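Visitor: Could you take me in for a close look at one part of this model? I'd like to see how the two chains meet.

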Amino acid sequence: MSASQQTAHPAALLDARGLRAYYGDAPALHGVDLRIEVGGKVALLGANGAGKTTMLRAICGLIRTQGEIAFAGQEIRGFATEDIVRLGIAHVPEGRGTFAELTVEENLRLGGIIHSDKARTRQDIDRFLRYFPRLKERIRQQAGTLSGGEQQMLAISRALMLRPRLMLLDEPSFGLAPLMVLEIFQILKRINEEERVSLLIVEQNARLALELADHGYLLETGRIVLHGSSAELKANEEVQRAYLGYSGSKARRPESTPG
Amino acid sequence: MDQLLHQVVNGLATGAIYAVIALALVMNFNSTGHINFAQGEMAMFSTYVAWTLIAMGMPYGVAFLVTVAISFVGGMLLERFVLHRFRNAPLLSVVVVFIALFLGFNAVAGWIWGPVLKDFPSPVSSYKTGTSLVGAHELFVGAVAGAMLLLLYGFFRFTTLGLKMRAVACNPTSSRLVGIRVSWTLALGWGLAASIGAVAGMLIAPLTFLDPHMMTGILLYAFAAALLGGVDSPPGAVIGGLVVGVAENLLGAYVVGAELKMSVALVIVVLVLVYRPQGILGRVTVRRV
Ligand SMILES: Nc1ncnc2c1ncn2[C@@H]1O[C@H](COP(=O)(O)OP(=O)(O)O)[C@@H](O)[C@H]1O
Ligand SMILES: [Mg+2]
């Protein structure tokens with residue numbers, strides 16, 4: 001089932017095993033295994049409703065889970081969200097999670113609120129805004145008045161303010177113009193290299209995500225049905241047919257393969 | 001003319017108190033989405049605590065500060081041990097909790113301190129202002145309420161804790177995702193609201209006498225003030241409080257008479273709800289997607 005054998009085992013930054021997640025009593029993940037190496041870029045793909053958002057919420061402790069999640073060797077499943085975040089996992093949520101009534105600058109300060117060193121927070125704001133010059137011009141503006149692309153940039157720079165080791169991104173391309181999407185993905189690549197932040201990117205746009213990522217996982221109704229290197233996934237016929245739009249419609253869901 | 005001016009000044013003084021309580025309501029609304037109908041009764045209870053401390057011989061200033069501190073802790077405990085459990089409960093359960101708190105504080109105050117009206121001292125009662133326009137206590141009320149509003153403004157605008165509280169009011173999930181301990185922040189918010197209420201209670205008690213029902217009407221005015229200003233807007237609460245205070249005094253003196261003053265608040269509530277639900281400064285957020 002796996003498109004690649006995980007033979008070499010570089011240090012795992014995140015290692016989820018048998019992860020289950022529940023909304024009330026209804027399960028939404030049925031035992032997911034997912035691994036992110038230190039410095040890695042992983043794409044989590046799947047159709048609408050597959051459980052991608054749920055996976056990110058489960059890692060952050062925003063919903064009830066079972067199973068194991070090791071982060072940098074430490075078991076974090078069952079921790080409060082606030083404590084998971086403090087270990088260095090930044091989550092750019094679905095819908096961007098902007099503090100709409102606060103200014104851009106206040107949003108950024110909040111991103112670094114767990115660090116008590118105020119001088120360093122100010123330096124960090126300058127440093128991370130270098131990736132997003134157009135936010136710099138809007139620093140005193142109310143965040144809710146930014147365009148969608150600017151809000152996505154704000155969400156990413158707010159996540160950087162945490163100085164995370166791992167950044168979880170939930171459909172960063174959602175609702176944005178194609179050029180804006182390209183710009184954001186280029187910046188994510190730079191962030192991964194220059195800030196040494198590992199990335200877990202949820203996307204419906206599989207082509208884009210596999211271009212950036214080095215590994216990919218394919219999620220279907222709460223189960224991982226395929227994983228491997230980006231090259232392997234891009235070459236995989238099922239992925240091509242269902243997610244890369246080589247034949248048939250892009251929106252079509254693949255036949256479900258038993259997990 | 002002097003008479004009119006006198007009514008306006010008096011209105012501003014009581015209005016400042018409405019503003020303070022309205023501010024407590026707005027703060028609570030912003031962080032939890034609910035109007036705490038027990039806010040006034042909590043303030044009444046705090047005022048009784050202050051009265052007891054003063055009766056025990058504590059100087060006014062000390063009793064004032066101790067009461068503010070006790071109210072802060074009490075408000076926090078109330079959130080941690082009672083309201084916390086209803087965080088995700090349906091609206092009706094929350095309303096029932098508020099009604100229970102309302103009746104509970106009222107009953108316990110009556111049980112401890114009895115139904116007899118008590119005199120509550122004003123620290124400035126022995127001073128004369130040298131004009132019939134404004135009494136010493138009205139000036140004191142204006143000064144304390146004004147100072148408190150400035151203090152709160154500074155707190156929310158310039159401190160890290162204030163920023164955290166605004167963040168939680170704005171987006172609780174995102175707040176957790178930046179590492180803010182949201183449930184503690186909400187508890188602090190309750191503590192702060194209880195302290196604010198305590199100050200308002202101690203300011204108004206010299207004007208009304210102290211009894212278990214002293215805040216019922218005042219809460220109604222404060223609610224009208226909060227609605228008028230925009231139920232989510234702190235500056236709106238201040239403006240609303242002053243407007244309601246002056247309107248109440250003028251209409252009471254010249255139009256409807258003292259007996260019907262209370263209905264002024266109800267009329268304001270209904271008018272705002274019908275014609276401008278977002279109030280004067282309430283948010284119609286500009287949000288692009
Ligand atoms: N808040 C919720 N309550 C109940 N069920 C939910 C909730 N959010 C998502 N689900 C269900 O969980 C499944 C996975 O959803 P989600 O993780 O949002 O999918 P994706 O992000 O891949 O589109 C779906 O069947 C969805 O209906
Ligand atoms: Mg989703």
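**Where chain B meets chain A**

Guide: Between chain B and chain A there are six residue pairs in polar contact, both partners at pLDDT 80 or more; a polar contact here is a pair of N or O atoms within 3.5 Å, where within protein one must be able to donate a hydrogen and the other to accept it, and residues adjacent in sequence count only if both atoms are side-chain atoms. On chain B's side of the contact, α6 (160-170) and α7 (172-177) each supply at least two residues, and α6(B) gives the most, with six. Helices are DSSP runs (H or I, at least four residues), numbered from the N terminus. That side of chain B splits into nine nonpolar, seven polar and seven charged residues, with Asp, Glu, Lys and Arg as charged, Ala, Val, Leu, Ile, Met, Phe, Trp, Tyr, Cys and Pro as nonpolar, and the others, Gly among them, as polar.

This is a predicted model, where local features need pLDDT of at least 70, side-chain atom pairs count only at pLDDT 80 or more, and totals for chains, interfaces and linings use all residues. Residues are numbered from 1 along each chain as its sequence is written, chains are lettered from A and ligands numbered from 1 in the order written, and side-chain values use heavy atoms, with hydrogens and water left out.

As for charges, the rule finds three salt bridges across the interface, meaning a side-chain nitrogen of Lys or Arg within 4 Å of a carboxyl oxygen of Asp or Glu. Among them, Arg166(B) pairs with Glu106(A) at 2.9 Å, N to O.

Overall, 23 residues of chain B and 32 residues of chain A take part in the contact (heavy atoms within 4.5 Å).
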